[in-house]
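Thank you all for coming; I would like to take a few minutes to walk through one model with you. Please have a look at the sequence and the structure as they come up, and then we will go through them together.

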Amino acid sequence: MKSVKEVSIEAKIQKRLHNNPNCLKLVNYLFADDELQELQDYANNVSIKRLGYNDHGPVHMRQVAGNAIKMLNILQDSGIKTSLETEETGTFEDSMCAVILAGLMHDLGMSIGRQGHEDMSAMLAQPIIDRTLMHVFPDNLHKRVVIKSLATEAIIGHMSTKKIHSIEAGIILIADGCDMTKGRARIPLAINHAPRVGDIHKYSANAINRIGIHHGDKKPIKIEIEMSSDVGFFQIEEVLLTKINASPAKEYVELYAGVEGQEPKCYL
């Protein structure tokens with residue numbers, strides 16, 4: 001049974017894809033995929049109940065996909081081509097399909113454990129990617145191969161521990177880092193009371209009130225972060241900035257963050 005939050009994010013994603021029929025067909029297939037839903041749910045169980053981490057389940061993965069869709073659309077509006085477009089190996093819609101697949105599956109490996117979970121995510125995602133792309137592009141082997149490869153790069157690269165080279169994978173890296181508001185730490189904070197290694201991430205995320213992704217003033221993408229306290233700076237400087245700095249899409253992003261009521265700090 002999907003949560004109200006999951007259904008709400010799905011509706012937003014579908015609305016953003018109304019001009020991309022193949023992408024819409026792809027997300028509708030994925031949102032109805034029972035195995036993907038079970039994997040996302042179990043990944044969250046392991047993350048929160050067993051390991052004491054933040055949300056890494058269906059809400060988070062939908063949020064990352066939504067963030068990536070928004071960023072990719074902003075790049076298109078700004079005249080920035082994706083790697084597939086630049087290399088003339090695919091269309092903008094192919095790039096969008098890849099980031100959707102990656103966004104919705106990048107943390108499936110948390111169902112196994114934290115260490116190396118990006119590699120485990122890629123392994124678990126392969127059969128789901130295969131059948132999804134066969135559903136959307138049954139007569140186009142080229143698209144299936146290219147989109148699958150790109151999505152796999154983005155999944156493996158989302159922790160910024162491995163070098164990635166495409167704008168699409170770079171967008172997933174940043175989109176993942178942008179999901180760090182207090183809602184993501186709500187359940188872990190409610191059920192885990194004893195101090196544990198990594199708790200700073202929960203408390204830091206709990207200080208993030210709002211993250212906005214908009215068209216930028218100096219660069220195409222503008223990320224604005226509002227916090228309730230200074231502890232939120234840890235999440236920005238240790239998580240989000242690390243991901244942006246490792247992203248091939250870094251040059252297209254400007255970042256502002258600050259405590260509510262204070263002048264925001266410009267990071268990029």
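How many salt bridges does the structure hold? The structure holds 11 salt bridges, where a salt bridge is a side-chain nitrogen of Lys or Arg within 4 Å of a carboxyl oxygen of Asp or Glu. Before I go into individual pairs, please keep in mind that this is a predicted model, in which local features need pLDDT of at least 70 and side-chain atom pairs count only at pLDDT 80 or more, while totals for chains, interfaces and linings use all residues. Residues are numbered from 1 along each chain as its sequence is written, and side-chain values use heavy atoms, with hydrogens and water left out.

Let me begin with Glu-10, which forms a salt bridge with Arg-62, the closest N and O atoms being 2.9 Å apart. This pair links distant parts of the chain, with Glu-10 in helix α1 and Arg-62 in helix α4, which covers residues 58-77, and the two are 52 residues apart. When I speak of helices and strands, I mean DSSP runs numbered from the N terminus, with helices being H or I of at least four residues and strands being E of at least two. Both Glu-10 and Arg-62 are buried, and by buried I mean under 20% relative accessible area, with exposed meaning over 50% and partly exposed lying in between, for a 1.4 Å probe and protein chains only.

The next pair is Lys-162 and Asp-119, whose side chains meet in a salt bridge at 3.3 Å, N to O. Because Lys-162 lies in the loop between α8 (141-156) and α9 (167-177), and Asp-119 in helix α7 (residues 117-136), the pair ties together parts that are 43 residues apart in sequence. Lys-162 counts as partly exposed, at 31% relative accessibility, and Asp-119 counts as partly exposed at 33%.

A further salt bridge joins the side chains of Glu-224 and Lys-222, at 3.6 Å from N to O. Here Glu-224 counts as partly exposed, with 25% relative accessibility, whereas Lys-222 is buried, with a relative accessible area of 14%. Returning to the pair I began with, salt bridges that share partners join Lys-2, Glu-10 and Arg-62 into one network.

Which residues form a positive surface patch? They are Lys-5, Lys-12, Arg-16 and Lys-70, where a patch is made of residues with over 30% relative accessible area and no salt bridge, like charges being joined within 9 Å. Helix α1, residues 4-16, gives the largest share of this positive patch, namely three residues. Lys-5 is found in helix α1 and is partly exposed, with a relative accessible area of 47%.

Let me turn to the cysteines. How many disulfides does the structure hold? The structure holds zero disulfides, a disulfide being a pair of cysteine sulfur atoms within 2.5 Å. Cys-97 is in no disulfide, and the nearest cysteine sulfur, that of Cys-23, is 3.7 Å away. Cys-97 counts as buried, at 0% relative accessibility. For Cys-178, the closest cysteine sulfur is in Cys-266, at 15 Å, which is too far for a bond; Cys-178 is also buried, with a relative accessible area of 4%.

Glu-88 has a phi near 55°, a positive value in a residue other than glycine, and Glu-88 is found in the loop between α5 (83-86) and α6 (92-105). With a relative accessible area of 74%, Glu-88 is exposed. Ser-160, which is not a glycine either, has a positive phi of about 60°; Ser-160 lies in the loop between α8 and α9 and counts as partly exposed, at 23% relative accessibility.

I will finish with two distances. Gly-258, found in strand β3 (residues 253-259), counts as buried at 7% relative accessibility. From Gly-258 to Ser-229 there are 29 residues in sequence and 8.7 Å in space, C-alpha to C-alpha. Ile-236, in helix α12 (residues 232-245), is buried with a relative accessible area of 0%. Between Ile-236 and Lys-218 there are 18 residues in sequence and 20 Å in space, again from C-alpha to C-alpha.

Note on methods:
Patch = residues over 30% accessible without salt bridge, like charges linked within 9 Å, V, L, I, M, F, W, Y side chains within 5 Å. Areas by Shrake-Rupley, 256 points an atom, 1.4 Å probe, with all protein chains shown as cover. Lys, Arg positive; Asp, Glu negative; His and termini not counted. Charge placed at Lys NZ, Arg CZ, Asp CG, Glu CD.
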